[in-house]
Amino acid sequence: MAVRAPRSLIRPLVQRLHAYVPGEQPKIPGLIKLNTNENPYPPSPKVLAAVKAAVDGRLRLYPNPTASALRERLAKLHGCAPENIIVGNGSDELLALATRTFVEPVAAEVRRRTDGNASESASSPRRLPSAAVQFFNPSYSLYPVLAEIAGALPNAVPLNADFTLPALASLPKKGWDFKAALSLITTPNAPSGRGYGTAELDALCAKSRGVVVLDEAYVDFAREHAMALALKHPHVLVSRTFSKAYSLCFQRVGYFVGHADLIAALDKVRDSYNVNGLGQVAALATLDDLPYYRRNFRRIIATREQVTRELTGLGWSVLPSQTNFLLARPPRFPAEAWLAKLRAKKLLVRWFKYPEVRDYLRITIGSSAEMETFVRTARAIAAVK
Ligand SMILES: *Cc1c(COP(=O)(O)O)cnc(C)c1O
């Protein structure tokens with residue numbers, strides 16, 4: 001009997017999928033890693049102790065399936081009920097769950113007829129809002145991948161050239177559909193670092209008919225947060241993560257806050273044991289030591305402001321940041337060349353080839369010592385004859 005080629009066994013959607021490309025995690029001794037927005041400071045000693053204390057024979061048991069203790073603590077923190085909270089294996093898992101919970105997939109023929117932008121073709125996302133996953137461009141590059149995996153219609157709408165939000169009244173002509181089933185908004189924005197005001201987000205949410213997720217992965221480094229909108233609007237979810245601000249990327253813990261009906265729907269779709277036990281232990285211990293983390297936020301923000309001043313002085317064009325990274329256009333050489341020159345000096349930053357940001361580097365704020373090295377190296381690279 002003829003054996004079928006393995007490729008022919010894979011769904012066409014998956015065959016054609018453009019998978020997400022995570023930032024590199026190279027193991028180069030002495031490398032200063034400023035490419036994936038990790039926190040340069042370790043978790044609090046209390047968190048490390050709690051995780052170590054939990055590593056014993058209990059590892060054979062399943063963890064709490066609903067992360068109930070953690071949800072109770074988070075509910076207290078945010079002034080809501082545990083029913084308003086779902087915990088995920090990182091917020092990435094919850095973003096994927098949102099596409100499976102709120103968005104109707106469409107047939108492959110329909111998807112093929114769309115161009116991924118808000119065109120007016122018969123099958124454009126605007127004609128099929130129930131299938132639309134909508135987001136601004138640029139923002140978190142995982143969103144279009146999640147839309148594709150879900151068999152949905154991605155609708156990428158350009159931000160203003162300076163990465164601010166387009167005025168509400170201008171959104172429809174830019175292709176934004178207030179009826180889209182799911183809108184994902186990175187706030188503060190990545191990769192630009194721009195912060196968005198809660199009043200502006202509130203107005204956008206108020207006009208939206210579908211679910212809006214405000215992805216606040218970097219909000220601890222910002223002036224404002226929009227948690228109140230998740231408790232005010234029944235169709236708004238706020239996404240948070242322990243990864244970046246709370247130094248727990250390795251443990252994979254994120255959560256959504258929102259209306260109990262939306263949370264219950266996501267909960268139906270979730271895997272029963274989606275959050276691993278050590279992650280739950282680590283997140284709970286984190287919430288017991290928030291002052292430790294708030295001190296680190298202040299350090300990182302102070303370093304961010306100092307590096308902004310220094311790079312600006314060296315001729316870089318640095319966007320104002322409300323996050324733990326900078327988007328900056330370097331002088332003299334193209335950004336891609338800077339990426340290589342910095343890497344040769346053991347400094348790893350991120351460069352995206354998308355047209356909106358290809359002239360920029362995204363630089364995670366490291367420790368103050370790491371950033372002194374960065375600035376010194378940048379000065380030396382620019383000074384070469
Ligand atoms: C890092 C990041 C996430 C994912 O965080 P995890 O909780 O580690 O999955 C989500 N959204 C944005 C914008 C991010 O930068």
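## What "partly exposed" means

A residue is called buried when its relative accessible area is under 20%, exposed when it is over 50%, and partly exposed in between. Arg 58, with a relative accessibility of 49%, therefore counts as partly exposed. Keep these cut-offs in mind as you look around the structure above, which is a predicted model.

## Arg 58 and Asp 56

The count of salt bridges here comes to 9. One of them joins Arg 58 to Asp 56, and their closest N and O atoms are 3.0 Å apart. Asp 56 has a relative accessible area of 36%, so this residue is partly exposed too.

## Arg 73 and Asp 288

Next, find Arg 73, which forms a salt bridge with Asp 288; here the closest N and O atoms are 2.7 Å apart.

How exposed are the two partners? Arg 73 is partly exposed because its relative accessibility is 27%, whereas Asp 288 reaches 53% and so counts as exposed.

## Arg 240 and Glu 216

Another salt bridge brings together the side chains of Arg 240 and Glu 216, at 2.8 Å from N to O. These partners also come from distant parts of the chain, 24 residues apart. You can find Arg 240 in strand β7 (residues 236-241) and Glu 216 in the loop between β6 (211-215) and α9 (227-232).

Are Arg 240 and Glu 216 buried or exposed? Both Arg 240 and Glu 216 are buried.

Technical notes. Residues are numbered from 1 along each chain as its sequence is written. This is a predicted model: local features need pLDDT of at least 70, side-chain atom pairs count only at pLDDT 80 or more; totals for chains, interfaces and linings use all residues. Side-chain values use heavy atoms; hydrogens and water are left out. A salt bridge is a side-chain nitrogen of Lys or Arg within 4 Å of a carboxyl oxygen of Asp or Glu. Buried means under 20% relative accessible area, exposed over 50%, partly exposed in between (1.4 Å probe, protein chains only). Helices (H or I, at least four residues) and strands (E, at least two) are DSSP runs, numbered from the N terminus.
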